[in-house]
Amino acid sequence: TIYARLAGVGSYLPPDRVTNDDLVARGIDTNDEWIATRTGIRARHLAAPDVTSSQLGLEAARRALEHAGIGADEIDLLIVATSTPDFIFPSTACLIQSALGNKGATAFDVQAVCSGFVYAMTIAEKFIRSGSHKKALVIGAETFSRILDWKDRGTCVLFGDGAGAVVMEASAQPGILATALHADGSHSDILNVPGQVVGGQVTGDPFLRMDGQAVFKFAVRVLAEVARECCEAAQLPPDQVDWLVPHQANIRIIEATAKKMGLSMERVVTTVAQHGNTSAASVPLALDAAVKDGRIQRGQTVMLEGVGGGFTWGAVLLRY
Ligand code: ACO
């Protein structure tokens with residue numbers, strides 16, 4: 001049997017770190033206390049106006065390749081999870097592939113918003129397990145600052161920019177133990193960017209819109225369910241998972257999920273305080289933080305989880 005295992009991780013944040021107080025100084029009618037008590041967010045990083053998702057993703061990819069000790073030329077599959085691509089096309093994956101120089105490798109984007117990274121990892125696992133591909137680069141890269149309405153204080157304080165990446169490779173040992181992906185498009189109205197470009201004009205609304213309380217309730221329910229589903233498939237009780245690395249939207253959603261799994265917060269990786277919600281980049285950014293500071297050790301079990309617009313949700317349970 002061929003399994004897929006993680007060979008390396010990497011991440012990149014743009015240098016402009018913006019605290020809640022900095023947002024106030026930039027003219028947003030908010031305060032640190034409101035943002036921190038409701039979301040746990042203290043700061044986020046924002047990309048400079050000329051910096052794109054592919055540039056953030058490229059840097060994260062280079063770091064993941066270096067950590068894995070694998071050359072870009074060995075990568076035969078490149079998947080980018082993003083909802084803020086540089087262009088309508090070519091895909092962000094093709095732009096990164098061109099910069100890395102590994103011509104000929106399969107490359108495409110996946111659009112599942114904040115669940116994009118677990119979607120992309122699950123797809124890469126299936127390619128590797130089928131035997132068609134041997135080494136995959138899976139990247140989550142976002143510049144959500146571009147689709148925020150900076151006049152809507154209920155949403156613009158929640159998000160940040162960044163990128164994370166993993167290298168996955170074929171292995172005789174698992175690796176990824178279980179995956180589960182779901183979507184329910186009937187909830188598309190509670191979180192969306194409902195505009196598009198038609199005939200050179202933006203039609204509809206080009207900014208992110210959200211019903212925060214509806215999203216909160218939905219996220220808590222489905223994250224607990226999908227964690228249980230993955231654990232059952234791998235025959236591992238949820239409270240035996242060594243590390244939970246959830247999507248970083250809101251500390252209260254994360255705490256509620258951990259509680260439902262029977263995990264203490266010491267076993268949950270959280271970066272939301274410093275990164276805000278970076279959508280498809282949040283899971284690999286958090287994973288990289290916990291691998292590089294030595295918390296996540298080889299042989300331990302790790303549950304990655306995402307939930308986002310669509311609605312989409314999913315989980316990947318792996319042995320690091
Ligand atoms: N600063 C100060 N006051 C604010 C701000 C702000 N940034 N934003 C809103 N307010 C005010 C509102 O105007 C409102 O005032 P009013 O009562 O005078 O009208 C008051 O705060 C309460 O607003 P609510 O929207 O009801 O606040 P709520 O307690 O629901 O918190 C929040 C909003 C933080 C968005 C919460 O609903 C939440 O965390 N939801 C989860 C959504 C989420 O995490 N989404 C991320 C994207 S989805 C994903 O990644 C899965």
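Reply: Ser 279 counts as buried, because 34 C-beta neighbours lie inside 10 Å of it. The burial classes are set by the number of other C-beta atoms, placed from the backbone, within 10 Å: 20 or more means buried, 12 or fewer exposed, and anything in between partly exposed. The model is predicted; local features need pLDDT of at least 70 and side-chain atom pairs count only at pLDDT 80 or more, whereas totals for chains, interfaces and linings use all residues. Residues are numbered from 1 along each chain as its sequence is written.

Ser 279 lies in the loop between α9 and α10 (282–292). Helices (H or I, at least four residues) and strands (E, at least two) are DSSP runs, numbered from the N terminus. Although Ser 279 is not a glycine, its phi is positive, about 55°. Most residues other than glycine have a negative phi, and most peptide bonds are trans.

A counterpart is Gln 235, in the loop between α7 and β13. Gln 235, likewise not a glycine, has a positive phi of about 55°. Gln 235 is exposed, because 8 other C-beta atoms lie within 10 Å.

Next come the cis peptide bonds. One joins Pro 174 and Gly 175, with omega about 15°, and Gly 175 is found in the loop between β7 and β8. Another joins Gly 310 and Phe 311, with omega about -5°; Phe 311 is found in the loop between β14 and β15 (312–319).

Apart from neighbours within four places in sequence, His 187 is in contact with Phe 218 and Phe 311, contact being defined as C-beta atoms, placed from the backbone, within 7 Å. His 187 is partly exposed, because it has 18 C-beta neighbours inside 10 Å. From His 187 to Thr 312 the C-alpha distance is 9.3 Å, although 125 residues separate the two in sequence.

Helix α8 (residues 251–261) has as its buried residues Ile 253, Ile 254, Thr 257, Ala 258 and Met 261. Because they cover an arc of only 130° around the axis, they are on the same side of α8; the arc is that of the directions from the helix axis to the C-beta atoms. These buried residues pack against α7, β13 (243–246) and α9 (272–275). After α8 comes Gly 262, whose phi is positive, near 75°.

How values were computed
Two residues are in contact if their C-beta atoms, placed from the backbone, lie within 7 Å.
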